[in-house]
Amino acid sequence: MNEMRRKLTTIFSADVQDYTRLMGADEEGTLAMLKWSRDAMSRLIGAHGGRVINTWGDGLIAEFPSVVEAVRAAIDVQNELVGINAARPAEGRMLYRIGINLGDVIAEGDDLYGDGVNIAARLQASAAAGGIVISNTVYDQVRNKVAVGFDFLGPLTVKNVSEAVPSYAVRIGDDVSTTPAPPARPLPAAAAPAPGRPLAPRVRKIGGVFAVVAITLVVINLLTWQGEFWAVWPLLGLAFVAAMAWNRNQSRFDQRLAGLAVIGIGIVIINLLTWHGVFWAMWPLLGLAVAVGLRWAMRR
């Protein structure tokens, strides 16, 4: 028999909003989407040092030895699911709710029991579609260590727990139920959107604004030509802003590493545009390479 023991751990609980409705509308497509999204979630959980304890229906329970990594995993999961849902119609999107709690639990073999697990499940049930809710024990550990905002939701009543649990919603950007983003990777055939679907209006609008501003700058430069193509600098700034905006919404690559790559490319371009015979960009590039190496080593 497995020995029972108590331990302090971080519980990650997730389930699908309106899963029954989605199954009623499209069983095969919903099951394909569930499998794909669960595989993505398991991969991200493992990448942050966690392990999946159990799955049932549309639900999933995982644990993490690190509170910070649990929250980072939840943020990465929701960001990647934004990409998965990007091109799907609003009524067909699979949106997860995630709850995270740090608490003392009973461990028996690979299973966990106790109030710590129940609180995580209750936090998950109170989260908005595509959102994350954490307990105050989690908030106390991550508030200065994770680059997101938090909204205090007040005390949450949990069945069979005598005291209400103060809870916080994690701010991870726009509402994923209404804001599309580029897909992170190809979808399974049963869950893939119909071909020929136009780009999301918001993406087209932002791209159009950048294009109009860039063309206007070039025209002004040409009409006031005095032997210098000064428009290259604001164009470079626009390109940098566009690249960072893309990086914020993509989930194919590690966002921090991709951001460093964008900065590195920008430094090289500036060096070339101001060339005086010295490749000074190698020094900041060396610093960026060290930062990338340290991040890679820490993730191991």
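**Entry 1: strand β6**

I looked up the bridge partner of G99 and found V133 in β6. I note that the model is predicted, that local features need pLDDT of at least 70 and side-chain atom pairs pLDDT 80 or more, and that totals for chains, interfaces and linings use all residues. Residues are numbered from 1 along each chain as its sequence is written, and side-chain values use heavy atoms, without hydrogens and water.

I took helices (H or I, at least four residues) and strands (E, at least two) as DSSP runs, numbered from the N terminus. Two strands pair if DSSP finds at least two bridges between them. Strand β4 (residues 96–108) runs parallel to β6 and is joined to β6 by three bridges. On β8 (residues 165–171) I found three bridges to β6 as well, here in an antiparallel arrangement. I134 stands opposite Y168 of β8.

I then asked which residues of β6 (residues 132–135) are buried on each face. I132 and I134 are buried on one side, V133 and S135 on the other; buried means under 20% relative accessible area, exposed over 50%, and partly exposed in between (1.4 Å probe, protein chains only). In a regular strand the side chains alternate between the two faces of the sheet.

**Entry 2: aromatic pairs**

I counted rings of Phe, Tyr and Trp (its six-membered ring) as paired if their centres lie within 6.5 Å, with planes under 30 degrees apart stacked, over 60 edge-to-face and the rest tilted. F12 belongs to strand β1 (residues 4–16) and F64 to strand β3 (residues 59–64), so the pair ties together parts 52 residues apart in sequence. I found both F12 and F64 buried.

Y139 and F150 form an edge-to-face pair, 5.3 Å centre to centre with 85° between the planes. This pair links helix α5 (residues 136–142), which holds Y139, to strand β7 (residues 149–156), which holds F150, across 11 residues. Y139 is buried at 18% relative accessible area, and F150 is buried at 16%. Ring pairs link Y139, F150, F152 and Y168 into a cluster.

**Entry 3: helix α3**

Helix α3 (residues 67–85) has 19 residues and spans 27 Å from its first C-alpha to its last, close to the 27 Å expected at 1.5 Å a residue. Of its 19 residues, 15 are buried, so α3 is largely enclosed by the rest of the structure. At the N-terminal end I found S66 as the cap, with a side-chain oxygen 3.4 Å from the backbone nitrogen of V68.

How values were computed. The expected span of a helix is 1.5 Å times one less than its number of residues. A polar contact is a pair of N or O atoms within 3.5 Å; within protein, one must be able to donate a hydrogen and the other to accept it, and residues adjacent in sequence count only if both atoms are side-chain atoms.
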